Amino acid sequence: MRHIHTKTRVLLAFAASLAIISPSPARAADGEDYSVKPTAPVSQTTQLSSSAPSMEMPEIKYELGKQPLKQHPGGASNEATALNFPISKGLAGVSMFLKPGALRELHWHANAAEWAYVINGHCRITIIDPEGHKEIKDFGPGDVWYFPRGHGHSIQGIGPEECHFILVFDSGYFSEFATFSASDWIAQTPSEVLAKNFGMSASAFKDFPKKEVYISQGPVPTALPSDPPPDSDNPPPLTHKFSLGGKIPTVTAGGSMTLVDQKQFPISTTMSGAILKMKPYAMRQLHWHPNADEWQYYIKGRARMTVFGSQGRKITREFGPGDVGYVPMGYGHYLETVGNEECEMLAVFNSGTYQEISLSEWLANTPKQLLETNFGVSPSIIDSLRKGAGLFSKPMGPVSIPNE
Ligand code: MN
Ligand code: MN
């Protein structure tokens, strides 16, 4: 055992009393501890003041749109996972492009459900569930799909233009060793076994791909019948499709929010999402989500987000089209548009129930005298504080907040 100096022991006890060494940790859905350790080991600390020590917030921004695309015949993709964007342990995402006829092959995800939003173009999904129900549906801009964890599915571009969609998964580790492709499995299985499985001759399997296909270019599939005959299908009890673009948004002077969670889209029991549109110089007010991490994809315009991580920690980053942002569960945050353009952002949560608590709503519902005691400011300021809540604040002209 290493000898611990008496003075160091006292400092350790003091630090523990400040909850610096053993803070009540903020936990993500996976139980990951996001509390950040002091920059220097406590044993090397010679002085501790009562102010918070220097601590680092994890990086909240990943420039997904600037990463190289993995190219395949007919399609391309890149991804933000816990491996390249360490904060994003609870959610990960993929930006994918499919040309007309290009097929993201039959596959499933062992450890995550998939929630997707179509930005441009059209595609067709197929999905099968454990009861053998299948669904085949076409998607266009503004449409959302949800595939429960482990259910087999495919996605195909149906034209006329290239389809671009964002896939979000409720595990930051959905990709490595957790996405299973039909072609990969067949390639790894001896042809004699395949012959026995399918009741065919082994030679029938000699021309199958020798490795994972991932995306394959083929013809554009024929149009779906607008009214399929009832006995030709085995539809699932709950549909995998929701038209988020067709939903009426909640509109305020500063912006709008269109939300879908399992209340409107019952199959999506583990994820929810929203499109936020913020007016120039408006802000998305200070709030947090008690039950979920938030994964963001910026579609249009620019915004600055600040995330508050307790104990004096905060981080501000500016985001533009193609950027991904991340807010761990319970962390306070707000956004302000940058420039003269409206900012449009996709926000996805790893809970089927959307929850938020707004700071202004909290204060509006707290007794005045309590707030005077809490903040030590004049009653007239407290009256202004308690005016009430909104998703967005009205445009108020540029607010200068330095990047940190
Ligand atoms: Mn998938
Ligand atoms: Mn939020």
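This is a short tour of a predicted model, one selection at a time.

**Whole chain.** Start with the protein chain in cartoon view. Its secondary structure comes to six helices and 26 strands. Colour by burial next: of the 404 residues, 35% are buried. Now turn to contacts with a separation of 6 or more. Residues 24 or more positions apart account for 76% of them.

**The seven-stranded sheet.** Select the strands in the order β1-β22-β19-β24-β17-β16-β15. They form an open sheet with antiparallel pairing. Go to its edges, β1 (61-62) and β15 (250-252). Each of these edge strands pairs on one side only.

**β16 and β17.** Select residues 255-260 for β16 and 272-278 for β17. Six bridges join these antiparallel strands. Find Gly255: Met278 in β17 stands opposite.

**β24.** Move on to residues 343-349, strand β24. Six of its seven residues are buried, so the strand is largely enclosed by the rest of the structure. Seven antiparallel bridges pair β24 with β17. Show Gly273 and Val348 to see one pair of bridge partners.

**The core.** Which residues touch the most other members of the largest nonpolar core? Select Ala116, Cys123, Val144, Tyr146, Phe165, Val168 and Val348. That core has 77 residues. Val348 is also the β24 partner of Gly273.

**Ala116.** Leave aside its neighbours within four places in sequence. Ala116 is then in contact with Val144, Trp145, Phe165, Ile166, Leu167 and Val168.

Notes
Residues numbered from 1 in each chain as written. Chains lettered and ligands numbered in written order. Predicted model: local features only at pLDDT ≥ 70, side-chain atom pairs only at ≥ 80, totals over all residues. Core = buried A, V, L, I, M, F, W, Y, C linked by C-beta atoms within 7 Å. Buried ≥ 20, exposed ≤ 12 C-beta atoms within 10 Å, placed from the backbone. Contact = placed C-beta atoms within 7 Å. Helix = DSSP H or I, 4+ residues; strand = E, 2+ residues; numbered from the N terminus. Pairing = 2+ DSSP bridges.
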